[in-house]
Amino acid sequence: MQIDQLGHFEEQVLTMVAILGDEAYGNAIVESFQDQLGKSVNLSSVHVTLYRLEDKGLVKSRMGGATNARGGRRKRIFTISNAGLAALQLLKSSREQLWKLLPQLKFSI
Amino acid sequence: MSTSSEPSAWGLRLLRWFCPPELLESVEGDLLEQFDMERLHKGRRKANLKFLFNVFRFFRWGIISRNAMRMNFLNASLLGNHIKITLRNYRRNFGYSMINLVGLAVGLAVCFILYSYTRQELSYDDFHPDIERLYRINQTNIWSQEGGWFGNTAPPLAEEVRQQIPEIAEATRVNTPGPYEIRYDREGLGPLTFIEREVLAADSNFFDFFPFPFLEGNPGDALVGKNKVVVTASTAQRYFGQQPALGKILMLGDERTPVVVSGVIEDLPKNMHFAFDFLFSMATNPAVKRFDWSWIWSNIVTYVKTAPGASVADINAKMSRLFNPRVRATLDRLGMDYDDFMQGKGEWRFQLQSVRSIHLHSVGIGNRLGAVGDIKIVRILQLLSLLVLLIALINFVNLSTARANLRSREIGVKKTIGATVTNLAQQFQTESILMTVLAALLAIPLVLLLTALIERSIGISISYGYVRQLLPLLGILGSVVGIGLLAGIYPSIYLTALKPITVMGGGGKRSGASGLRNVLVTVQFAISLALLSGSLLIARQLNYLSQKNLGFDRDNILVIRNADKLSTHLASFRDEIVKLKGIEEATVAMNVPGRIAYEDIFSREGSDIKISVNQLKVDPYFVPTMGLKMAAGRAFQVNNQADLQHVVINETTARLFGWTPEEALHQHIIYPGLDVHPEVIGVVSDFNFQSLYENIAPLIFFHIDLPIWGEMRVVAVKFQQDQAEQTIAQAHALWDRFDSQLPFQYSILNDELAELYDQDKQLGSMVRLLSLLSIFIAVLGLVGLVSFTIDQRRKEIGIRKVLGASAGSILYLINRQYIRLFLIGLIVAVPFTWSAVKKWLADYAYHIEISWISFIVAGAILMAICLSLVGILIRNALQANPIDSIRED
């Protein structure tokens with residue numbers, strides 16, 4: 001997996017999927033973007049990104065059980081795959097590595 | 001959370017339409033969940049809007065492209081296979097494929113050419129800004145006995161509409177000051193003189209209506225004040241070469257009025273209803289100022305720009321109501337009575353005509369500033385081009401279905417190994433589309449060839465510049481594919497319906513399609529016959545126009561224009577020219593037949609009959625030169641000064657005044673422009689001094705030396721048979737001896753008369769070309785069908801020959817059904833052509849009667865072509881040794 005191929009938004013969505021565990025589906029991810037990052041994203045962008053991540057093998061999906069809510073429509077639950085976890089870790093470590101190389105600047109506040 | 005309420009149903013339907021099914025449920029669920037939340041917080045309406053918005057947001061590539069597997073119903077590997085089989089089929093049936101290809105190519109070429117022509121005609125004036133608010137004011141045609149509308153108006157109209165009608169935002173006037181001799185004195189090089197015909201004059205706000213880009217000067221003040229002129233770039237080049245034109249002085253007319261060039265604009269687009277090389281400021285033409293009180297001096301074209309949202313009907317009603325007192329006042333001032341003057345013409349009214357419609361919708365109304373087209377002709381050509389294409393498509397359908405037997409094994413095998421109907425249909429559609437695309441490629445050189453032909457021999461030029469734009473180009477490519485699809489529909493339905501069990505069993509012949517095939521062949525025959533007989537009838541009418549006895553001798557007459565420029569030397573020029581070798585007679589007149597249209601209102605002593613009469617000033621030689629006959633009395637006499645007080649009228653004038661030709665003699669005519677009442681000394685037999693669209697109108701001759709209106713002079717010279725070249729050369733030499741500065745301008749009267757019918761001649765040539773092409777395509781198709789039939793019946797022909805059948809009887813056997821179809825086609829074609837040609841002929845006051853002969857001739861020509869071609873095909877089959885064909889199996 002080339003981490004270069006993972007866009008910023010993709011990375012964020014992937015992280016959300018990991019955070020939400022068994023509860024990761026379209027709307028839940030939109031909401032946690034709002035809750036965690038204060039960022040409002042469109043449902044369709046999330047869906048498209050999830051499908052793309054699935055194409056890349058970073059997440060897996062299955063249909064959840066039927067409920068009375070949502071007009072009886074089932075949720076598509078996404079879970080992070082091993083490859084997905086590995087990609088997140090790789091991203092994190094490479095970022096930290098680069099961070100260390102940064103000259104230690106003093107920020108005056 | 002409640003689940004009972006659902007958002008907008010069509011939003012869901014839309015989503016279902018574009019969203020891949022495997023994703024649909026969860027997407028729908030998520031959207032519904034959001035909808036429910038929104039509904040609780042913000043209410044149903046807002047939630048619904050948000051829902052729709054979100055549905056639209058899902059219409060994005062990342063979602064739609066996941067349909068790919070479903071949308072890609074045309075499997076790529078199969079497509080390759082289709083193309084391969086298609087090409088093999090073409091190669092195996094080379095002859096038939098060529099027939100299809102050539103036929104389609106001709107059909108497509110014709111369609112494309114005529115589409116481009118139509119597009120060009122329809123594009124007239126569509127580029128002016130605010131074109132939808134630009135109108136020309138038309139008024140009741142006060143100069144015609146029957147009224148109707150015409151596009152000319154009088155000087156005061158523009159100012160009046162500007163002041164009295166608030167719905168009109170702006171008005172401008174254009175006038176035709178007429179041909180001018182324009183002279184430029186070049187420093188050190190001597191003068192440069194041209195006779196200029198493309199000359200207009202306009203109000204200073206003209207460029208607010210038609211903002212042509214200025215190369216020099218500026219539109220704001222270019223036409224303000226007297227003696228200013230705006231010229232086009234190529235005109236400036238003609239006079240001044242590379243030097244700047246702005247501020248240069250040109251000399252106008254005989255008076256050498258100095259006019260300053262106040263602007264240079266780019267050359268004008270061709271697709272406009274007017275054209276000019278010179279545009280003078282309105283004040284430069286003093287006549288316009290002189291007649292600013294007159295509502296009957298209709299030498300002006302008035303354009304208006306309406307206020308946004310104004311109603312045309314309201315403006316029309318207002319104009320007619322408000323200006324009626326004005327026109328009455330003008331008539332009063334001239335001592336005329338409104339009711340008398342308007343007798344038979346209806347009320348004097350005004351109406352707006354949109355500028356865009358001037359080019360194609362001004363038949364009868366006319367256009368003072370240039371030639372106009374005719375929407376009828378555009379529509380006819382559109383229809384004909386579609387018919388030609390139809391003939392080509394029929395070939396394709398007929399040959400494909402006729403040859404179905406040959407493909408039936410292939411179809412059977414494919415079906416048995418599991419090809420679906422869709423697969424097979426795709427195969428046939430691929431074949432027809434590929435065929436059309438190839439035909440379109442072949443059509444390109446054909447288009448170039450035919451365009452050159454049309455431009456050279458018919459005089460219609462067609463531009464294809466528009467195909468460089470993306471949208472039209474896509475349209476054309478789309479149409480080609482569309483035509484391919486269309487052509488393939490029936491064959492693919494027919495062929496895919498074949499049952500493997502029948503076709504594989506060596507199957508009996510299927511004749512299901514032959515009924516339709518016969519119908520289609522009949523249609524082809526009918527179209528070809530309609531076009532051919534139509535073009536024969538048009539040719540007969542055109543021939544009639546050029547042969548008809550007009551009541552004067554139209555042959556061998558040379559017309560020298562601008563003769564008034566010789567002024568006092570004119571009479572001696574005539575006397576000199578008569579002395580030349582090969583010249584029979586010569587006359588000085590204001591004009592010649594074909595171009596006379598100076599109408600005015602005349603009455604007579606002893607009655608209050610008022611009629612509008614065409615007037616012409618002629619010298620004593622006019623009657624002998626033109627070969628006119630006198631019905632009574634005499635013509636003007638040479639050196640008879642008394643004749644200045646005399647007039648000659650034509651029979652129609654006499655009749656309308658209530659006289660026989662003899663009674664008319666010595667009666668007196670009343671003309672408002674003359675104090676004396678001239679005496680009629682002769683009545684000339686009626687002759688067609690106008691085109692044959694018109695009946696013979698009243699006409700009056702005044703003596704050439706009478707000092708009233710009409711400065712224009714021509715010299716008409718009657719020369720001996722076959723002396724045209726020599727006469728022109730001699731006359732030119734003589735002209736130069738009189739004035740070498742003036743350009744010698746001449747025409748042959750007969751050519752000029754022929755030009756009156758140019759538009760119909762063009763139509764005739766177009767129809768003839770189309771009929772030839774349609775016959776070509778139809779005959780190609782027939783050859784294909786017949787040679788196929790012969791192929792199929794080779795064995796039968798062999799057996800018949802062995803049994804002693806004659807060649808004639810076999811020929812009859814094969815041709816029998818086609819002759820029947822041919823006759824049915826003829827019967828279908830006759831009423832169609834008959835009524836179409838009859839409508840066309842109705843424009844002429846003088847026309848041929850439609851007779852059966854044209855249809856019989858057309859039928860005979862086409863039948864002869866078909867039979868002889870079929871005969872050639874059959875000869876081969878007949879000459880073959882029967883043994884060979886019979887023992888084939």
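On helix 20 of chain B, the face turned away from the buried side carries the exposed residues B:S572, B:D575 and B:K579. Helices (H or I, at least four residues) and strands (E, at least two) are DSSP runs, numbered from the N terminus. The model is predicted, so to speak of local features takes a pLDDT of at least 70 and side-chain atom pairs count only at pLDDT 80 or more, while totals for chains, interfaces and linings use all residues. Residues are numbered from 1 along each chain as its sequence is written, and chains are lettered from A and ligands numbered from 1 in the order in which they are written.

Back to helix 20 of chain B, which covers residues 570–579: its buried residues are B:F573, B:R574 and B:I577. Looking down the helix axis, these buried residues fall within an arc of 100 degrees (counted over the directions from the axis to the C-beta atoms), so they line one face of the helix. An α-helix has 3.6 residues a turn, so residues three or four places apart point the same way. As for what covers the buried residues of helix 20, the list includes strand 15 (583–589), strand 23 (714–719) and helix 24 (724–738) of chain B.

Zooming out, chain B has 30 helices and 24 strands. Its radius of gyration, taken over C-alpha atoms, is 36 Å, well over the 29 Å that the globule rule (2.2 Å times the number of residues to the power 0.38) gives for 889 residues, so chain B is more spread out than a compact globule. The C-alpha atoms fill a box of roughly 105 × 100 × 65 Å along the principal axes. Buried residues make up 37% of chain B. Among its contacts (C-beta atoms, placed from the backbone, within 7 Å) with a separation of 6 or more, 82% join residues 24 or more positions apart.

Two loop residues of chain B have a positive phi without being glycine. B:R256, with phi of about 55 degrees, sits in the loop between strand 9 (249–252) and strand 10 (257–265). B:R256 is exposed, having 12 other C-beta atoms within 10 Å. B:H666, with phi near 70 degrees, lies in the loop between helix 23 (661–664) and strand 20 (669–670). With 10 C-beta neighbours inside 10 Å, B:H666 counts as exposed too.

Chain A has 4 helices and 2 strands, in the order α-α-α-β-β-α from the N terminus. Its radius of gyration is 16 Å, well over the 13 Å that the globule rule gives for 109 residues, so chain A is also more spread out than a compact globule. Its C-alpha trace spans about 55 × 35 × 20 Å along the principal axes, and 28% of its residues count as buried.

Where the chains meet, 19 residues of chain A are in contact with 20 residues of chain B. On the chain A side, the elements giving two or more residues are helix 2 (26–37) and helix 3 (43–55). Helix 3 provides the largest share, 6 residues. The predictor gives the complex an ipTM of 0.88 and a pTM of 0.72.

Notes: Two residues are in contact if their C-beta atoms, placed from the backbone, lie within 7 Å. A residue is buried if 20 or more other C-beta atoms lie within 10 Å of its own, exposed if 12 or fewer, and partly exposed in between; C-beta atoms are placed from the backbone.
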